[in-house]
Amino acid sequence: MQGVCAAILCVSVFLRSAISQPPTESDTYTECTDGYQWDPQTQHCKDINECETLLEACKGEMKCFNHYGGYLCLPRSASVIPAPDPPSQPGTNLESTAREPFNPCPLGYEPQGDSCVDVNECERDEHDCQPSQQCINIPGAFICQCPEGYRKIGTECIDIDECRYRYCQHRCVNVPGSFSCQCEPGFQLAGNNRSCIDVNECDMGAPCQQRCYNTYGTFLCRCDLGYELGPDGFACNDIDECSYSSYLCQFQCVNEPGKFSCQCPEGYQLLGTRLCQDINECETGEHQCTEGQTCVNIYGASQCVDTNRCQSPYVQVSDNRCVCPVTKPACRDLPFSIVQRYMSITSERSVPSDIFQIQATSVYPGAYNTFRIRSGDHDGDFYIRQINNISAMLVLARAVTGPQEYTLDLEMVSVNPLLSYQTSSALRLSVYVGPYAF
C-alpha cells in the first residue's frame, strides 16, 4: 500500500499486488493482473507506467503519478509518500511482486545520495509552458512566465496595452509586447523616451530667410526693417516704401532692398534725408564764367552775366550801375540811372507773394516819389505795391513755372512841384524762375 498526500489531505490507496504463478512445463501462457504485464527477461509481472503509455492521461493542470497497477491524477503541488507494503497473501511469491524504485523525496525532488535535490523540469523539458512562455525552475516546481509586455491570463500570454496607463506625454503607440512614445511636431523625445521637450528649430536650420524666433513647439520667422513676411511665412519680401507715399522725398524716391533713399535733381544736394537744397555753384567754383563775367547763382544752376551790361546811350559808372548823361539828347526820356540786380524764385510759389523791395537811395526835399513797372511784365505776372514815399514792394501776382527768366525795369519817378522838377531812376531786375518748387 502507498499513501498519497494532495494539498493537506492524505489518503491511502491500496493497489493489487502483481501475483505471478510460477510457470510449469504444462503451462502454455502466463497471466498478470490488471496494470501489469509479463516481462520474459525477469520472468515476473512488471508494472505498466500509464503516465507514459496513455496519451494525455491527466487533463488541465493535473499531474500524472504512476502507481503499482494504476496511476493517479493529482494537482502539481501534491506529493506521494511511501506507505507500508501490504501483507503477503497466502501463496503469493513476494519476490515476484513488481516494484518500482522507491523515491523518498518530495514532489519535484529526487534522491541523490542521502539527500534530495531539486528536479529542473525546465532543462528536462518536463513542463507544460506555452512556446511563447519562459519556463523558470523554482525549488520543487517550475513557473511559466510571460515575456515583458505580456500578462498571463489562464495559460495564455496577452499583450499589455501600456498606452491605457498614459505613460507618454503626447502620443502613445502600442505594439506587441511593448509601446513607443511619439511627440507632436516641434517636440522631440527626452532621454526617458516618454517626455517631450521643445525643439529649437532655429538651431536646426529653420527655413527663415532672415530672423528666426523659437517658441514652445514651433518657431516664427521675422524680417528686418524694410522687409515684410511673404505668404509662405518664411521668405522676406522688400517693401517698396516709395509706393506708399509721394511725400517721402522732396524730389524723387528710390526704392532699395530693405530701404529707400531720396535723390535730388542736378544742381541740388540732399539736405538731411529727404530735402533738396540748391547748390551755390558760384561759391563752390562749379561754373564756367570768364574773367569779364559775373556768376549769378539761381535755383538748380548758375548764370554768367557780363560785368558791364550798360547799353548806349548809358555808360557804366560802377559795378552794376549805368547812367545816361543829360547832355545826350537821347537821354531826355530815359531814366537817369539804371542799377542791375538779380534774383531767383522757385516754381509754383504761392501768390500773392512779396519777392523784392525797392528802396530810394537819395531823397530830395519836397519831392514826391512813385514806383511802377516800366517794362518786362508782358503777362501781368507782377505788380508794385508802394509802401511809403521812399520804398515799394514787387509782388508776384500769379504762380509761375520754370525754368524761365524775367527782366523787369522797376522805375521810381521823383516830382518836385515847387521847383517844377521831374526825374527818374530804374532798377533792372533779372528774375530767374527755377524748375522746381524747392
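## Ground rules

Since we're looking at a prediction, local features need pLDDT of at least 70 and side-chain atom pairs count only at pLDDT 80 or more, while totals for chains, interfaces and linings use all residues. Residues are numbered from 1 along each chain as its sequence is written, and side-chain values use heavy atoms, with hydrogens and water left out.

Helices (H or I, at least four residues) and strands (E, at least two) are DSSP runs, numbered from the N terminus.

## Disulfides

A disulfide is a covalent bond between the sulfur atoms of two cysteines. Here the cut-off is a pair of cysteine sulfur atoms within 2.5 Å, and the structure holds 19 disulfides. Let's look at some of them. Cys122 is bonded to Cys135, with 1.9 Å from S to S. The torsion about that S-S bond is about -75°, so this disulfide is left-handed. Cys122 sits in the loop between strand S9 (115-118) and strand S10 (134-138), Cys135 sits in S10 itself, and the two are 13 residues apart. Are Cys122 and Cys135 buried or exposed? Both are buried, where buried means under 20% relative accessible area, exposed means over 50%, and partly exposed is in between (1.4 Å probe, protein chains only).

Next up are Cys129 and Cys144, whose sulfur atoms are 2.0 Å apart in a disulfide. This link is left-handed too, with -90° about the S-S bond. Cys129 is in the loop between S9 and S10 and Cys144 is in strand S11 (residues 141-145), so the bond ties together parts that are 15 residues apart in sequence. Cys129 is buried, at 13% relative accessible area, and Cys144 counts as buried at 16%.

The S-S torsion is about -90°, so the bond is left-handed. Cys289 counts as buried, at 17% relative accessibility, whereas Cys304 counts as partly exposed, at 29%.

## A sheet of six strands

Strands of a sheet pair through backbone hydrogen bonds, either parallel or antiparallel. In this model, six strands make an open sheet with mixed pairing, in the order S28-S29-S30-S36-S35-S32; two strands pair if DSSP finds at least two bridges between them. At the edges are S28 and strand S32 (368-375), and each of these pairs on one side only. From one strand to the next, the twist averages 30° (axes are lines fitted to C-alpha atoms, for helices over the stretch in contact, and angles run from 0 to 180 degrees between N-to-C directions).

S30 and S36 pair in the parallel sense, over eight bridges.

## Two cavities

Rolling a probe the size of a water molecule over the atoms shows where empty space is left. On a 1 Å grid over the protein atoms alone, a cavity is a set of points where a 1.4 Å probe fits but cannot get out, and lining residues have an atom within 4 Å of a point. Grid points are joined across faces, edges and corners, and a volume is the space filled by probe spheres set on the points. How many cavities of 30 Å³ or more does the search of the whole structure find? It finds two.

The largest cavity holds about 40 Å³ of space. Strands S28 (315-318), S29 (321-323) and S30 (337-345) each give two or more residues to its lining, and the lining residues include Gln316, Cys322 and Tyr342. The second largest cavity holds about 30 Å³. Its lining is made of Tyr364, Ala367, Ser414, Asn416, Tyr421 and Thr423, with strands S35 (404-416) and S36 (421-433) each giving two or more residues.

Finally, Phe234 lies in the loop between strand S20 (227-229) and strand S21 (236-238). Phe234 is partly exposed, with 32% relative accessible area. Phe234 and Cys223 are eleven residues apart in sequence, and 9.0 Å apart in space from C-alpha to C-alpha.

Notes: 1 Å grid on protein atoms, 1.4 Å probe; cavity = no way out; pocket = protein on both sides within 12 Å on 5 of 7 lines; lining within 4 Å.
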